[in-house]
Amino acid sequence: MTDNATPIETLFERAQDYSKSTIKLLKLNAIDKSADVVSSLLARLAVVMTVVLSVIIINIGISIWLGKLLGEIFYGFFIIGGFYALLALMLHIYRYQWIKHPISNSIVKKMMKEKML
């Protein structure tokens, strides 16, 4: 079988193959980065959920203990509730500095990180 393709046709075929390969590579890199970010977020979410459950149980214990010290159980719950209301107010005021910017930066760093082969 003889190759009757002109040099221009060969060049176009190679350029087409190169562009297809480049698009496939970009897709695979996007999938890899997305999977890396999602898996990191899910791992952090699992740790955060465990800590949250532990904190809830500890807070119930502290509320009951404070309530016994003050004479009525519900006083302890009011004190702990007031503490968390103040904490929520502080988080609302500083939400961009303490939460939004660090999380955004973390995701961007993870997406921009180059993988070593």
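Is Phe74 buried, partly exposed or exposed? What we have here is a predicted model, where local features need pLDDT of at least 70, side-chain atom pairs count only at pLDDT 80 or more, and totals for chains, interfaces and linings use all residues. Residues are numbered from 1 along each chain as its sequence is written, and side-chain values use heavy atoms, with hydrogens and water left out.

Now back to Phe74. Its relative accessible area is 39%, so Phe74 is partly exposed; buried would be under 20% relative accessible area and exposed over 50%, with partly exposed in between, using a 1.4 Å probe and protein chains only. Tyr75 is partly exposed too, at 37%.

These two residues bring us to the aromatic rings. The whole structure holds four aromatic pairs. Phe74 and Tyr75 have ring centres 4.7 Å apart and planes at 65°, so they are edge-to-face. Rings of Phe, Tyr and Trp (its six-membered ring) pair if their centres lie within 6.5 Å, and planes under 30 degrees apart count as stacked, over 60 as edge-to-face and the rest as tilted. Phe74 also pairs with Phe78: centres 5.8 Å apart, planes at 75°, so again edge-to-face. Phe74 and Phe78 are four residues apart in helix 2, which puts about one helical turn between them. Phe78 is exposed, at 60% relative accessibility. Through these ring pairs, Phe74, Tyr75 and Phe78 form a cluster.

Let's turn to helix 1. Helices here are DSSP runs (H or I, at least four residues; strands are E, at least two), numbered from the N terminus. Helix 1 covers residues 7–70, and its 64 residues should span 94 Å at 1.5 Å a residue; the end C-alpha atoms are 92 Å apart, which agrees. That expected span is 1.5 Å times one less than the number of residues. Just after helix 1, Gly71 has a positive phi of about 105°.

Which residues of helix 1 are buried? They are Lys33, Asp36, Val37, Ser40, Asn59, Ser63, Leu66 and Gly67. Their cover includes helix 2 (73–93) and helix 3 (95–112).

So how do those helices pack? The axes of helix 1 and helix 2 come within 6 Å and cross at roughly 130°. Axes are lines fitted to C-alpha atoms, for helices over the stretch in contact, and angles run from 0 to 180 degrees between N-to-C directions. That makes helix 1 oblique to helix 2; angles under 35 degrees count as roughly parallel, over 145 as roughly antiparallel, 65 to 115 as roughly perpendicular and the rest as oblique. Among the residues that meet here are Asn59, Ser63 and Gly67 in helix 1, and Tyr75 and Gly76 in helix 2. Contact means heavy atoms within 4.5 Å.

Helix 1 and helix 3 pack at about 140°, with axes 9 Å apart, and are therefore oblique to each other. On the helix 1 side, the contact is made by Lys33, Asp36, Val37, Ser40 and Arg44; helix 3 brings Ser106, Ile107, Lys110, Met111 and Met112.

One last stop: Asp36 in helix 1. Asp36 counts as buried at 16% relative accessibility. Leaving out residues up to four places away in sequence, Asp36 touches Lys110 and Lys113.
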